[in-house]
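Here's a look at how two protein chains hold themselves, and each other, together. Have the viewer open while you read.

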Amino acid sequence: MVENPYLLKEAEIVEKIKETTDTYTFRIKCSDSFKPGQYNMIYYFGIGEAPISIAGFDGEILEHTIRAAGDVTSHIDSLKEGDLLYYRGSYGNFWDLEIAKGKSLVLVSGGLGFAAIKWVMEEAIKRKDEFSSVISLYGSKNYDSLLYTYHYEMWYREIDFKITLDNPDPRWKGDVGLITELIRKTKLNKDSIVFMCGPDPMVKFSVIELEKKGITPDRIYVSMERHMKCSVGTCGHCMFGPFFVCKDGPIFRYSEIREFFERKEV
Amino acid sequence: MIVTVEKSQLEKLFNLIKKEYEIVAPVLREGVIGLSAVNSLNQLPFGYTEVEEKNFYRVEKSNDKYMFSYIRASFPYKRFLIPPEFTFLKVKRENGKLAFEELTIEKKYAFFDVRGCDLRGIEVLDNVFLKKNQHPDSYYEKVRKNLFIVSVTCRKPSDVCFCYSMGVCPKPKRGFDILITELDDVLLLETGTEKGEKFVKKLDYRDAREEEIEESKKIEKNCIKSLKRSLNTEGFPEILYRNIESNIWNEIGKRCFACTSCTQVCPTCFCFDIVEKNNVNEGLSERVRIYDSCFNPDFATVHRFNIRESIASRYRQWYMHKFAYWVDQFGEFGCVGCGRCITWCPASIDVTEEEKKIRKL
């Protein structure tokens, strides 16, 4: 007998952190097993499911950062501390830090894509002696859309953590401009390994900047977002060229997806 | 075992199977040969045949003496393996918690008269849902496990069939419990499983003679010879990948209505959507799986951004999935050459003609 792949598990929300006006981080008590880069399908009663990347897990507490973007995520964001959250997972492949051992690890993220990078960044901080350096470049549209501001002090201390805002703000003293400019300004080794997550256009143009620095697409790993309904490779919605993003991804080596990624409407 | 029985024994075989299974078979209804649950062998469209061409379908009285002179039904068996719409999970809100009830499909079907193309179609779906999936589909598995298959050798193809070029034989080699080949005077029965053998042994049979086996091979050979269409698969995935940006997709896109006809009649198209059906008063929500199609406008929408806005890109997705992506995903083509998409396309788009055009690019 095959196990039903759609059965949901329940877990209690122990903390709800307001990140921005429409984004919350949920800390969920949970004894499952997860890997950085993977995602869960989160269900809201009567509304449906949405794939949400795992923003952290320490063995007891699972973190999901959720922006109220669609029907399901808007409803999930209405949940409170003490409520139960229903999910199935984890799904997909993971950020493999072994690839970056002995090399410079460069993390590039944009907007909510930072949620898919955060956990592997925390792991990289724990194991930073294994890399020649750890650089994290994060682009956010506005000052008010910055995520995880309460962690910045620690991240600034531990690694080369840089933020750029698309739009200037009187409260912001740091870099202003697109993430591509921040990449251009940052000194990066040719043999760096890059983990990236952000909107499709950001990825496309960031790759161009990285290539100018001699970092070839086979050293760039990208976490993709597509419309996933089943997450088990059968509903067909997330198909992207010959790949099912839900099970072959969400993380792809850029050299393997480039011919599809840079084409329209694939 | 390979045996022969008198044609009159077919009814006995049907009734024996009926005792243990719910039989689904071809039936003629409102001028179309479809598939339906049946109680009697008489409901099968014996004595009829289909005339099919691009955007053309008609059922006629056949002018030969055979029972199985009709061809495959107008749609495939997949709807009996995965229903077009079914509730797979019932969710109830009780005391602040959710309770889940798993709904399984309790069906014990016998498909009576599965042609080579549709048999291969089931094999392709087995790979998608079970054999080549790390998260096998429990709903598909449940129905599939109980399934009994009676296959029939095609005596003649329709004008849209191109099975042989997709590696499908009019006389199936595997995947059936019982295979029937209608000879001039008798039926040749071959069993593929013990389950099949059990039924055949209850019939009034005798061992097949060498010349009868020869006759069945001749029938297959003639059927292959009569095929009017073919699709050359040699190196085709690579050719498609090379022409992913070709203007041919825009040309087809202008003709295609994105009506989803082809995906509905295709034996291998498997895409579905998951929707919620709510009953607010009872605090009940049903999770429903419902057929979807890559031709539907919002199929590939991410956060209200439609990745495949143009019909051309949706047609390319469908065609490249069948003949290129599928090979990378499952090591085989997603087409079995049944030709139904040619018959039922209201825009007269013919996948075999397009293959020839793409090769010339």
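What follows covers the salt bridges, then the interface, then the aromatic pairs, and ends with one threonine.

First, the ground rules. This is a predicted model, so to speak: local features need pLDDT of at least 70, side-chain atom pairs count only at pLDDT 80 or more, and totals for chains, interfaces and linings use all residues. Residues are numbered from 1 along each chain as its sequence is written, chains are lettered from A and ligands numbered from 1 in the order in which they are written, and side-chain values use heavy atoms, with hydrogens and water left out.

**Salt bridges**

How many salt bridges turn up over all chains? The count is 53, where a salt bridge is a side-chain nitrogen of Lys or Arg within 4 Å of a carboxyl oxygen of Asp or Glu.

| Pair | N to O distance |
|---|---|
| A:Arg27 and A:Glu15 | 2.9 Å |
| A:Lys128 and A:Glu158 | 2.9 Å |
| B:Glu52 and B:Arg72 | 2.9 Å |
| A:Arg263 and B:Glu245 | 2.9 Å |

Start with the salt bridge between A:Arg27 and A:Glu15. A:Arg27 sits in strand β2 (residues 23-29) of chain A and A:Glu15 in strand β1 (residues 9-20) of chain A, so the pair ties together parts that are twelve residues apart in sequence. Helices (H or I, at least four residues) and strands (E, at least two) are DSSP runs here, numbered from the N terminus. A:Arg27 is partly exposed at 22% relative accessible area, and A:Glu15 is partly exposed at 33%. On that scale, buried means under 20% relative accessible area, exposed means over 50%, and partly exposed is in between (1.4 Å probe, protein chains only). The two residues also belong to a network of salt bridges that links A:Glu15, A:Arg27, A:Glu63, A:Lys118 and A:Glu122.

Next comes the salt bridge of A:Lys128 with A:Glu158. A:Lys128 is in the loop between α2 (114-126) and β9 (133-140) of chain A, while A:Glu158 is in helix α3 (residues 152-158) of chain A, so this pair ties together parts that are 30 residues apart in sequence. A:Lys128 is partly exposed, at 31% relative accessible area, and A:Glu158 is partly exposed too, at 29%.

Over in chain B, B:Glu52 and B:Arg72 form a salt bridge. Here B:Glu52 belongs to strand β4 (residues 48-53) of chain B and B:Arg72 to the loop between β5 (56-61) and α2 (78-81) of chain B, so the pair ties together parts that are 20 residues apart in sequence. Are these two residues buried or exposed? Both B:Glu52 and B:Arg72 are buried.

**Where the chains meet**

On the interface, 54 residues of chain B are in contact (heavy atoms within 4.5 Å) with 42 residues of chain A. Together the chains bury about 4,300 Å², with 58% of it on carbon and sulfur atoms; buried area is the accessible area (1.4 Å probe) that two parts lose on being put together, summed over both. B:Leu98, B:His135 and B:Ile307 supply 12% of the area that chain B buries against chain A, more than any other three residues.

Four salt bridges cross the interface of chain B and chain A, and A:Arg263 with B:Glu245 is a salt bridge between the two chains. There are also 22 residue pairs in polar contact across the interface (both at pLDDT 80 or more). A polar contact is a pair of N or O atoms within 3.5 Å; within protein, one must be able to donate a hydrogen and the other to accept it, and residues adjacent in sequence count only if both atoms are side-chain atoms.The elements giving two or more residues to the side of chain B that touches chain A include β6 (85-94), α3 (116-131) and α10 (311-330) of chain B. α10(B) gives the most, with eight residues.

**Aromatic pairs**

The whole structure holds 60 aromatic pairs over all chains. Rings of Phe, Tyr and Trp (its six-membered ring) pair if their centres lie within 6.5 Å; planes under 30 degrees apart count as stacked, over 60 as edge-to-face and the rest as tilted. B:Tyr77 and B:Phe111 are a stacked pair, 4.5 Å centre to centre with 25° between the planes. B:Tyr77 is buried at 2% relative accessibility, and B:Phe111 is buried at 0%.

**One threonine**

A:Thr73 is in helix α1 (residues 71-76) of chain A and is buried, at 10% relative accessibility. Its side chain reaches the backbone nitrogen of A:Gly70 at 2.8 Å.
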